[in-house]
Amino acid sequence: MDEQKTVELIRVFRLKTGEDVVAACVESSDDDTVVFIHPMLVDKMKISGVYSLYMTPWLPIDIIKHDMVIIHVNDILTIMNPTDEFVEKYDEAVSNLLSFSKQNLTEEEQYTDILENVEFSDVIH
């Protein structure tokens, strides 16, 4: 996948639940849903008096077939553009997770496989 194209797809979403989720995203053709690919929960932790950001998988990736979810736009409060440095950290975290994947597919093959299996009529809230 083209590096510039990947950067353009990565967004930070503030959900109505208050969670901040970073993910590669694809809008559906009906504009009512967004597909999150490799969504990671972004949170902060205080270590030795200093706050640090960390990312953890947002989905239970050990028990699902594809690390993606379809979200209704009404569940999203705002969409933000991450810094280039944060995108690099996200890409590194996703790469680390993919290296533990049971399938020996490249990242581009996994994205293609995920997008081929998306059914936009199945909205998950």
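## Nonpolar surface patch

In this predicted model, a nonpolar patch on the surface is formed by Met-45, Ile-47 and Tyr-54. Together the three residues have about 260 Å² of accessible area.

Ile-47 belongs to strand 3. Its relative accessible area is 46%, so Ile-47 counts as partly exposed; the cut-off for exposed is over 50%.

## Aromatic cluster

Phe-13, Phe-36 and Trp-58 make up one aromatic cluster. The count of aromatic pairs, taken with ring centres within 6.5 Å, comes to 2. In the pair of Phe-36 and Trp-58, the ring centres are 6.1 Å apart and the planes stand at 50 degrees, so this pair is tilted. Phe-36 is in strand 3, whereas Trp-58 is in the loop between strand 4 (50-57) and strand 5 (68-72); the pair therefore ties together parts that are 22 residues apart in sequence.

The two residues of this pair fall into separate classes of accessibility. Phe-36 has 0% relative accessibility and is buried, because the class takes in residues under 20%. Trp-58, at 22%, is partly exposed.

## Negative surface patch

A patch of negative charge on the surface brings together Glu-27, Asp-30, Asp-31 and Asp-32. Among them, Asp-31 sits in the loop between strand 2 (20-27) and strand 3 (33-47). The relative accessible area of Asp-31 is 51%, so this residue is exposed.

Definitions and conventions:
Residues are numbered from 1 along each chain as its sequence is written. This is a predicted model: local features need pLDDT of at least 70, side-chain atom pairs count only at pLDDT 80 or more; totals for chains, interfaces and linings use all residues. Side-chain values use heavy atoms; hydrogens and water are left out. Patches are made of residues with over 30% relative accessible area and no salt bridge: like charges are joined within 9 Å, nonpolar side chains (Val, Leu, Ile, Met, Phe, Trp, Tyr) within 5 Å. Accessible areas come from the Shrake-Rupley method with a 1.4 Å probe; for residues, only the protein chains shown count as cover. A salt bridge is a side-chain nitrogen of Lys or Arg within 4 Å of a carboxyl oxygen of Asp or Glu. Lys and Arg count as positive and Asp and Glu as negative; His and the chain ends are not counted. The place of a charge is taken as NZ of Lys, CZ of Arg, CG of Asp or CD of Glu. Helices (H or I, at least four residues) and strands (E, at least two) are DSSP runs, numbered from the N terminus. Buried means under 20% relative accessible area, exposed over 50%, partly exposed in between (1.4 Å probe, protein chains only). Rings of Phe, Tyr and Trp (its six-membered ring) pair if their centres lie within 6.5 Å; planes under 30 degrees apart count as stacked, over 60 as edge-to-face and the rest as tilted.
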